[in-house]
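The following exercises concern a predicted model. Please study the sequence and the structure before reading each solution.

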Amino acid sequence: MGDESGEFRDAGETAGAGTDEGFGFRRIERGGTTGGCPVARGPDGVWEVRGYAEARAVLRGTSTVQAGLGIETVSKLPRRIRRPVLYRDGPEHREHRRQTARFFTPRRVDEHYRHLMVRVAQDRIDRLRADGRALLSDLSFDLAIEVACAVIGLTDSRPGIKRRLERFFPERFGTPGLTSPSGVYWTLRQNINWLRVYAGDVRPAVRARRRARRDDLISHLIDDGCSNAEILGECLTFAAAGMVTTREFISAAAWHLFSDPGLRAHYRAADEPGRLAVLGEILRLEPVLGRLSRRTTQPLELPGADGGRLTVPAGDRIDILVDHVNTDERTVGTRPLRLRPGRAMKDAKGPGLAFGDGPHTCPGQHIALLETDVFLSRLLALPGVRMTGPPTVGFMEAIGGYELRDCVLEVTAGDGG
């Protein structure tokens, strides 16, 4: 509930005391308890990894490949069609990542995309101030779209790109297939959405870059010999990674900052590296993707209970439960459920494994954290801004991800900052 200062807190919560004790706690609960056996096989035969070191060993290993995220459907495509980078492994995947790494380096992000982030963020905040009220998910999605499109090269789109992407990335996903009416409907709808994005966004960008290359991903894919269909697949893969996840994290970070005056004061007083440390710690507690899946291609040895070893057979699926992994006290230290920016961790960085690890580490992590900071630092500097209440929380079970909606921002004239 709101109070005279415009703050709100969940029942039973108190504001943080400071960086020594930490600030708030995790707000998005995905179910289950923390701790437990680092690696265990479930009754369905799927291995679940809750330990940090064990999860990193799986992600860095050479005897696993991607699983989940629709890879079963993608694997049915004709062999002549190149899979998007998310669905490839081995030497081909490593070479693609090597060639495209330059688009995501911290230096490039700072030199090429920071000014865009600042311009778009300030434009949306000015609109909020003028209108007096807005949904945070709309503002953050606008920012994420603009930045991701610049990196990818989707800069020649017809009007309506946001609506096309909202249709393609619906808030409630179905199950494709031709054996049930719902599966047929979902498949037809998504095929139509593919065509909309292709006609409205990808085809105009490809045509422009076939006439004159630019310094972006689509130009690289053209030079690499990709067909228009393959470029469409890559664009949608990068769009999902760079737009949808960033929108959710901005909402999660804002929820923490608006509902904890101590944390907000700490964030506002910090320099950029200090603010990024706050965001990294929030992301450790609230990873957007709660589950990363792999399948073994040969027997994989992992540390077992009581210092022993266990073997995951070839062909088995492994689910890494990121929200559990990131609270492994052996790695992240004491009070793992407490938000403590700058906490000392063993062989780990601020966000933990929220961006993955190994060959499939998210390449856009510098972009995601910087654009979140650019937006939130300016939003919190706006006099009279407040979040009217906590968001509604939904989940995407297939990836263990969260969806935060109904975060309403208001600007009240005459209030303090």
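**Exercise 1.** Which residue lies over the face of Phe141, and at what distance from the ring centre?

*Solution.* The residue is Arg247, which lies over the face of the Phe141 ring at 4.2 Å from the ring centre. A charge counts as sitting over a ring only if CZ of Arg is within 6 Å of the ring centre and within 35 degrees of the ring normal.

**Exercise 2.** Classify the aromatic pair formed by Phe104 and Phe238, and state which parts of the chain the pair ties together.

*Solution.* 
Step 1. A pair of aromatic rings is described by the distance of the centres and the angle of the planes.

**Exercise 3.** Are Phe104 and Phe238 buried or exposed?

*Solution.* Buried means under 20% relative accessible area. Phe104 has a value of 10% and is therefore buried; Phe238, with 13%, is buried as well.

**Exercise 4.** Describe the open sheet and the strands at its edges.

*Solution.* 
Step 1. The open sheet is formed by 5 strands in the order 1-2-8-5-3, with mixed pairing.
Step 2. Strand 1 (39–41) and strand 3 (64–66) are the edge strands, each pairing on one side only.
Step 3. From one strand to the next, the twist averages 30 degrees.

Methods. Residues are numbered from 1 along each chain as its sequence is written. This is a predicted model: local features need pLDDT of at least 70, side-chain atom pairs count only at pLDDT 80 or more; totals for chains, interfaces and linings use all residues. Side-chain values use heavy atoms; hydrogens and water are left out. Two strands pair if DSSP finds at least two bridges between them. Helices (H or I, at least four residues) and strands (E, at least two) are DSSP runs, numbered from the N terminus. Axes are lines fitted to C-alpha atoms, for helices over the stretch in contact, and angles run from 0 to 180 degrees between N-to-C directions. Rings of Phe, Tyr and Trp (its six-membered ring) pair if their centres lie within 6.5 Å; planes under 30 degrees apart count as stacked, over 60 as edge-to-face and the rest as tilted. Buried means under 20% relative accessible area, exposed over 50%, partly exposed in between (1.4 Å probe, protein chains only).
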